[in-house]
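Subject: Structure handover

Hello,

Please find the structure below. My notes on some of its helices follow.

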Amino acid sequence: MPPLSTVLTAVTLDPAAVVLALVAAALYGVGLRRARRAGVRWPLWRAACFYALGIVPYVALACGFTGAYGSSLRWAFALKIALMFFVVPLVAGLGRPLGLARATLGEAGRARLERIMASRPVRTLGNAFVAPIVGLVLFGTFLTPLFHLYRSDPVLSGALSVAAPLIGLILALPLTEADSFERSSAFIVVEFVYVFIELLADAIPGIFLRLSPTVLDGVTSWAAGAPAWFPSPLRDQQLAGDLLWFIAEAVDIPVIILMFVRFSRTDRREATSYDELSDEEMEALADEHLRRRNR
């Protein structure tokens, strides 16, 4: 394992990640300023989640040890991308950037935002049934020579550092911005079942990396001058599998908690809406339900 001094002092520059972080921080800051001017009280803890738990760790992953040694070490690169995909979007999403935008944009801006959120790509990625497939496809490529290409090509590595948190944020929005994604309680129950299936699906790439007896990306030796603390290529792959497996499984715990909270709110909202119906409206609703069943 690397010396602690190396972990703490290793620095590199990922231009694409830095640009994304600066743009995201600036846009959220503009939203906070507009909210203050409009008299909207935005919770401080949400802003802290976005900046302290989202932006700062993202920059540290891209430009710290995992960024500096990700081109050489499989486990460092897997740790970086897995945290960017699974964890950073989830905690940054608690800052509710979408809700902040809706609260501070004008009519025209909100209309554009609604069109974007209603677009097919966003609705597709925001579907809980798609999320495990996206993760499985992305990390499934780590079982191929693409894993080496991701690490060795600066353009691909930078593109993945940007794409992973953006896609992860879209996948997390239905949980962190539940008010913007209306779901029935019955649909959320089905999502619950699917999340348990996802527990198994997320583990597949990590399990294969951990248990494979051969180096899957084809690079079986280190370049000259590699530090003495570097593990063997096979052990490096096994560590990458351990980390990917652990992160993919551990993140499902807060996801299930957030889904339970969303279900409770949705069920309470539906119960309230039914309580507000008159007897005539309830009878008409029951008749409509029976007609649909008969058809």
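**Helix packing**

Helices α3 and α5 run roughly antiparallel to each other (angles over 145 degrees count as such). Their axes, which are lines fitted to C-alpha atoms over the stretch in contact, come within 9 Å and cross at roughly 170°. The contact (heavy atoms within 4.5 Å) involves C49, F50, L53, G54, Y58, L61 and A62 from α3, and K80, L83, M84, V88, V91 and A92 from α5. These residues divide into eleven nonpolar, one polar and one charged; Gly counts as polar and Lys as charged here.

This is a predicted model, in which local features need pLDDT of at least 70 and side-chain atom pairs pLDDT 80 or more, while totals for chains, interfaces and linings use all residues. Residues are numbered from 1 along each chain, and side-chain values use heavy atoms, without hydrogens and water.

Helices are DSSP runs of H or I with at least four residues. Helix α3 (residues 44-63) reaches 27 Å between its first and last C-alpha, close to the expected 28 Å, a span taken as 1.5 Å times one less than the number of residues. Its buried residues (under 20% relative accessible area, 1.4 Å probe) include F50, G54, Y58 and L61, which also belong to the contact with α5.

In α2 (residues 15-37), the buried residues are A17, A21, Y28, G31, L32 and A35. Just after α2, G39 has a positive phi of about 80°.

**Record**

An unreviewed UniProt entry lists transmembrane regions that include residues 12-32 and 44-69. In the model, residues 12-32 are 86% helix and residues 44-69 are 96% helix.

Regards

Conventions
Helix = DSSP H or I, 4+ residues; strand = E, 2+ residues; numbered from the N terminus. Buried < 20%, exposed > 50% of the residue type's maximum accessible area, 1.4 Å probe, protein only. UniProt positions renumbered as here; feature names shortened; annotations may be inferred. Axes fitted to C-alpha atoms, helices over the stretch in contact; angles between N-to-C directions. Parallel < 35°, antiparallel > 145°, perpendicular 65-115°, else oblique.
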